[in-house]
Amino acid sequence: MNRWPLPEPMALALAEARSAADEGEVPIGAIVVKDGVVIAAAHNAPRRLADPTAHAEVLAIRAAAATLGSERLEGCELWVTLEPCAMCAGAIAHARIARLYYGAPDPKGGAVEHGAQVFEQAQCLHRPEVYPGIGEAAAAELLRGFFRERR
């Protein structure tokens, strides 16, 4: 359980996740921070965009790259509400994200501490610092509630 207030970027990521839920998307949100400033925010949108790659992390990385005018997001932090999947972990590595903070673990689809463990593979081009469990309880409850309503 989290005993302290959430860091602002995770609170913003959770707000993005709630926006996704309001649109009928799986509630996952992502924020990119550079030098203490939020430069991109996004939430899951594969249904709305008819794009299976429109995960929150990928959309936030794309927006941050456009903001910075570079495909390399060196020195940036990515804050996301759920452990990234293999596709998103690959995008994080290719973007050279410096630090990854995520909320809830994803034993079924995650690829950071579960599954493929992308950053642990010898072929991984870049390994961010990883900080799991930030806002875990809030992120997990948002996901549980979303799926509970659909059953």
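**Entry 1: strands S3 and S4.** I began with strand S3 (residues 76-82) and found that five bridges join it to S4, the two strands running parallel. I note here that I am reading a predicted model.

**Entry 2: S4 and its other neighbour.** Is strand S4 (residues 99-104) mostly covered or mostly open? I found that five of its six residues are buried, so I wrote it down as mostly covered, buried being under 20% relative accessible area. Besides its pairing with S3, S4 is joined by three bridges to strand S5 (residues 129-131), and these two strands also run parallel. Within this pairing, Leu-100 stands opposite Val-130 in S5.

**Entry 3: the sheet as a whole.** I reminded myself that strands of a sheet pair through backbone hydrogen bonds, either parallel or antiparallel. Here I traced five strands that form an open sheet in the order S2-S1-S3-S4-S5, with mixed pairing. The edge strands are S2 (37-43) and S5, each of which pairs on one side only, and the twist averages 15° from one strand to the next. For the antiparallel part I looked at strand S1 (residues 29-34), which pairs with S2 over six bridges; in that pairing, Lys-34 has Val-37 of S2 as its bridge partner.

**Entry 4: two residues with positive phi.** Which residue in the loop between helix H2 (46-49) and helix H3 (56-68) did I look up? It was Ala-50, which has a positive phi of about 50° although it is not a glycine. I noted that Ala-50 is exposed, because its relative accessible area is 68% and the cut-off for exposed is over 50%. I next turned to Arg-96, in the loop between H4 and S4, where phi is near 65°, again a positive value in a residue other than glycine. Arg-96 counts as buried, because its relative accessibility is 19% and the cut-off is under 20%.

**Entry 5: the largest pocket.** I finally looked up the largest pocket, which has a volume of about 370 Å³. It is lined by 15 residues, and the closest to its centre are Val-26, Ile-28, Leu-82, Asp-106 and Phe-147. When I sorted the lining by residue class, I got eight nonpolar, three polar and four charged residues.

How values were computed. Residues numbered from 1 in each chain as written. Predicted model: local features only at pLDDT ≥ 70, side-chain atom pairs only at ≥ 80, totals over all residues. Heavy atoms only, no water. 1 Å grid on protein atoms, 1.4 Å probe; cavity = no way out; pocket = protein on both sides within 12 Å on 5 of 7 lines; lining within 4 Å. Points joined across faces, edges and corners; volume = space filled by probe spheres on them. Nonpolar A, V, L, I, M, F, W, Y, C, P; charged D, E, K, R; others polar. Buried < 20%, exposed > 50% of the residue type's maximum accessible area, 1.4 Å probe, protein only. Helix = DSSP H or I, 4+ residues; strand = E, 2+ residues; numbered from the N terminus. Pairing = 2+ DSSP bridges. Axes fitted to C-alpha atoms, helices over the stretch in contact; angles between N-to-C directions.
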